[in-house]
Each structure stands twice: as C-alpha cells, then as structure tokens.
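Reader: I would like to learn how to read helix packing. Please walk me through a case.

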Amino acid sequence: ADECIDWIALLGIWLSTFPLLLLDSIWLDRRDMSADAAFERATFVSKMTVVGFQRLRVVLFLLALVGVPWLPGGIVMAAWFMLGAVWLAILEPSRLHAEAGRVWLAALWRFTGLLGVLTLA
C-alpha cells in the first residue's frame with residue numbers, strides 16, 4: 001500500500017517544535033557569555049539585557065502554540081512539548097550551576113514531547 005506523508009501534521013510539528021529548538025539554543029548560548037567575551041565573540045543573545053532575554057524566551061515558548069491546530073494530537077501533544085520547555089522560559093541559565101543540568105534541562109522538552117507522541121500513537 002502507498003504510504004503518504006501527512007503534510008498538515010508535519011507542518012504542525014514543525015511550527016510547534018521550531019520555536020522550541022530556537023529557545024533551547026539561545027538558552028544554552030546564554031550560559032557561555034563569559035567565554036564569548038573572552039574570545040571577543042559576542043552573540044546576539046549575550047548582548048541582550050536580562051529583561052530582553054526573558055521576553056524573547058517567553059515569546060518563543062508561546063510561539064510554539066501556533067502549530068496546535070495542525071498537530072496530530074492538538075493541544076494535548078503541544079502540552080507534552082511545553083511541559084518540558086516551560087523551564088527554559090522561566091529559569092535563567094545562570095541559576096543552574098551544573099553544566100550537565102543545563103544541558104538536560106534544555107533537552108527536556110524533546111523527551112517529554114516524545115512521551116506525548118508515544119502516548120498518542
């Protein structure tokens with residue numbers, strides 16, 4: 001039998017996960033501001049104020065909701081992704097002292113999202 005790609009579902013997944021990928025990337029980028037400064041390689045995120053960085057994180061977190069109408073599991077699937085990502089929106093990376101903790105927290109939304117996909121399958 002011919003299998004076809006559900007382009008609408010793929011669009012929903014992309015619209016919901018792309019902002020979260022950006023969120024975890026900037027969140028992890030913020031942690032090495034001192035290294036960026038030492039090598040004179042200031043990034044966009046390292047130049048932001050604490051308030052600006054907080055606002056950007058919240059906007060990216062909420063932007064992930066744009067894909068909900070097209071997600072195969074709708075708001076339930078989005079909730080699984082967002083359950084793991086909410087910490088990136090509310091916690092400043094410098095609050096965690098363990099590097100491994102930062103990396104795991106940044107990736108948490110991927111694992112909770114996978115759990116959501118598995119429970120909805």
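Reader: Which residues in α1 meet which in α4?

Author: Contact means heavy atoms within 4.5 Å. Here Thr17, Leu20, Leu23, Asp24 and Trp27 in α1 meet Phe81, Ala85 and Leu88 in α4. This is a predicted model: local features need pLDDT of at least 70, side-chain atom pairs count only at pLDDT 80 or more, and totals for chains, interfaces and linings use all residues. Residues are numbered from 1 along each chain as its sequence is written, and side-chain values use heavy atoms, with hydrogens and water left out.

Reader: At what angle do α1 and α4 pack?

Author: Axes are lines fitted to C-alpha atoms, for helices over the stretch in contact; angles run from 0 to 180 degrees between N-to-C directions. Helices (H or I, at least four residues) are DSSP runs, numbered from the N terminus. Helix α1 (residues 7-31) and helix α4 (residues 74-90) pack at about 30°, axes 10 Å apart. Angles under 35 degrees count as roughly parallel, over 145 as roughly antiparallel. So α1 and α4 are roughly parallel.

Reader: How do α3 and α4 pack?

Author: Their angle is about 165°, with axes 8 Å apart. That makes α3 roughly antiparallel to α4. Gln54, Arg57, Val58 and Phe61 in α3 meet α4 residues including Met82, Ala85 and Leu88.

Reader: What does Trp109 contact?

Author: Leave aside neighbours within four places in sequence. Trp109 then contacts Thr17, Leu20, Leu21, Asp24, Phe81, Gly84, Ala85 and Leu88.

Key:
Helices (H or I, at least four residues) and strands (E, at least two) are DSSP runs, numbered from the N terminus. Angles under 35 degrees count as roughly parallel, over 145 as roughly antiparallel, 65 to 115 as roughly perpendicular and the rest as oblique.
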